[in-house]
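Please consider how the secondary-structure elements of the following protein chain are packed together.

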Amino acid sequence: MFRRIGNTVVRHPVWTIVAWLIAAVAIVATAPSLPSNSDESSFLPKSYESIKAADIQEKAFPSAFTPSAIALYQRTDGGRLSATDEQDVARITTELGNKHIDQVQKVVPGPPSKDGRYAMTLVQMDSKSAGQPKQADAAKVLRADVKQLVGGTHLDVKLGGSAAQTLDQQDSSKRGQALIGVGTFVIILVTLLIIFRAPILAVLPLVLIGLVAAVANGLIAYATKLFGLQANSSISAILIVVLFGVGTDYFLFLMFRYRERLRAGDEPKAAMVNAVDRVGEAIASAAGAVIIAFLALVLSTLGFLRQMGPALAIAVGATLIAGLTLIPAVVSLIGPKVFWPSKSWQREPANARFAALGRSVQRRPALTAAVSGIVLVVLSLGTLGYKATFDLASGSMPKTKESMVVQGQMQKAYSAGAAAPTDVYLSSAEGKPLDKSGFTAYARRLGAVDGVASARMTQVNRDGTTADFTVTLKYEASTDKAIEAVGRVRDVAHVDAPAGTKAVVGGMSSIYKDFNAAVDHDYRTVFPVAAVLIMVILGLLLRSVVAPWYLMASVGLGFGATLGATVWIFQKGEGNTGLTAMLPVIMYLFVVAIGTDYNILMIARLREEARAGREPREAAGNALKYAGPTVAAAGFILAATFATMMLAGNSLLTEMGFAVSFGIIVAAFVMAMFFTPSLTALIGHAAWWPGHGDRADGPAAGAGTGAHDAAGAGRDSLVHDPAGRRS
């Protein structure tokens, strides 16, 4: 199949390129816009209690005041607010309300802090637009207006709240994407220049993958609209890295084999056909593993991950098609001039370092497996200290952003939970008016819960069927203590609800608790499903039942080592309270799926060497010698591109960038180069049971006189050719 694909695109390179250009223009021109949502509650399904509470609030208290933005005032000298200052705050609050800013429904004064140093203006916006760009636009206008209104006073003002966080997230995301994009381009360009010493070859993948990125983004926008998925600004940054990182990997897999065939004496077009034939199965299998792992995210209960899964799967699918069609067509059209001005492609490299590593694995496979395994196990011990944090807003932008500064100041000036109170909604089960005589006792029991600062009944709906009890926690909404406290509030609210009533608990801490439960659900479902599906891909590729088990076991160790190292650096080293809650899910899929690429490439080459008649140990040594340079180059570029996410300046992408890049380094430089070849050498022919895929097709296949590809074009795409095995 892959030979037919290679023949078609090489025979018709211009038509292949034209088809891609037409498709790109059509998709980009007609694709819908991709909105962004940063409202954590929108990522949860409606079955969770916090979402049920939000629905009750919307129905029972449609005009209830829930601030979307908070203007926090303090004196420029840091002292207590004077009577004049308080009058200025009241005037500003009134003038803000009179401006009738889009999305703004009500502007009211907030309570002063206990120490008299802070005052607030609370702004309510349309709840249906929570987390949407239109509220960010409103926050931008509010921020500019309130700063203008404090002019001539002794006050300093900052705008916080969820709408301001959405605005700051957008700004942070744009800056982060720009840094990630520039960093990715520079890393790929410089690394390819060093490897090939050919400017055309260094620039070519950036141009081609840029075209693929435009197509992929358009297809993602279509899928998002068609299936009603949620979008998030962080996905765009991840997409940049996935498209250029994975795309460059597949480009390298193909170019190393193309160069190998040219050195073996193939004509340029035949060399590209043979390259697609030989490496196409490995690329398709690697991409298939990544796509299936990403699609497993549709089983997630979190809207963010359900959106990320199909989006990344579409991106990798587009990259795979480009790797088998667009890249071969363009390179075959340019021919060997793609390597200009370097002449090194014409001569065989010694590969002395990888040859030495190969000999080491060949002589001591048990020691190699033991040492690399111990390194992975030791790093994995860090997972025992793993803790999660659930505040997506503060995790997706620097602490220096204005909305984050406001959040920090409010935690100090007011009760830590005052900025995001918890609401207990008590509703009549039969639709009859509630008996108000028990409200005081019910509020008292809620207030007595450990971790609660205060509790009071604040309002009853017009029909008298639902009451709202406002519970203020002692802790900031996203902390572990607040999440534990809201769990206790739920227990008391449910158990002590008067007869004939039902209680549900809402608010940010309640959302975070449900978020935690959703992540735990994903651990139990997404992980196993992705692992099983990847094992099926490996089994089909290798025609083996045995090899997929130890390959996935090695990848599992790599995941543990990556998570452990991340815990040690960010929790132990930097003193963070925990890692972003969804990080292990994302890391698992990136490390397991993308990291499997290198295992697939290495074991495919190992099988190729074994089919040439070599014994398991010699095959392992040769596989490392010849496939090692490709794995090293691809692994370095992909790890470095993911590391650019650390430039974004927020904890979510910093942790993700480090974890995934470290995981890829482990996958490429520990698992693929040492652990997998040494284990395969130790297990021997049994590794390929029951397919015996390592057995030579004919006698003396490895005697050093194998037929040229032109004669053996019809053989299996991974059959060894001694004349062209070197890369």
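This is a predicted model: local features need pLDDT of at least 70, side-chain atom pairs count only at pLDDT 80 or more; totals for chains, interfaces and linings use all residues.

Q: Are helix 1 and helix 9 roughly parallel, roughly perpendicular, oblique or roughly antiparallel to each other?
A: Helix 1 (residues 2-11) and helix 9 (residues 268-295) pack with their axes 8 Å apart, at an angle of about 135°. Angles over 145 degrees count as roughly antiparallel and those of 65 to 115 as roughly perpendicular, the rest being oblique once the roughly parallel ones, under 35, are set aside. The arrangement of helix 1 and helix 9 is therefore oblique.

Q: What is the make-up, by class, of the contact of helix 1 with helix 9?
A: The crossing of these two helices is right-handed. Helix 1 contributes F2, R3, G6, N7 and V10, while the residues from helix 9 include K269, M272, D277 and E281. By class, the contact has 6 nonpolar, 4 polar and 4 charged residues.

Q: Which strands stand at the edges of the open sheet of 4 strands?
A: The strand order is 7-8-6-9, with antiparallel pairing. Each edge strand has a single partner, so one side of each is left without a neighbour in the sheet. The edges are strand 7 (452-460) and strand 9 (501-506).

Q: Which residue of strand 9 is the bridge partner of Y425?
A: Strand 6 (residues 422-428) pairs with strand 9 in the antiparallel sense over 6 bridges. In strand 9, the bridge partner of Y425 is V504.

Q: At what angle does helix 3 run to strand 9?
A: Helix 3 (residues 49-60) lies across strand 6, strand 8 (466-473) and strand 9. Its angle to strand 9 is about 105°.

How values were computed. Residues are numbered from 1 along each chain as its sequence is written. Side-chain values use heavy atoms; hydrogens and water are left out. Axes are lines fitted to C-alpha atoms, for helices over the stretch in contact, and angles run from 0 to 180 degrees between N-to-C directions. A crossing is left-handed if the near helix is turned anticlockwise from the far one by less than a right angle, and right-handed if clockwise. Contact means heavy atoms within 4.5 Å. Ala, Val, Leu, Ile, Met, Phe, Trp, Tyr, Cys and Pro count as nonpolar, Asp, Glu, Lys and Arg as charged, and the others, Gly among them, as polar. Two strands pair if DSSP finds at least two bridges between them.
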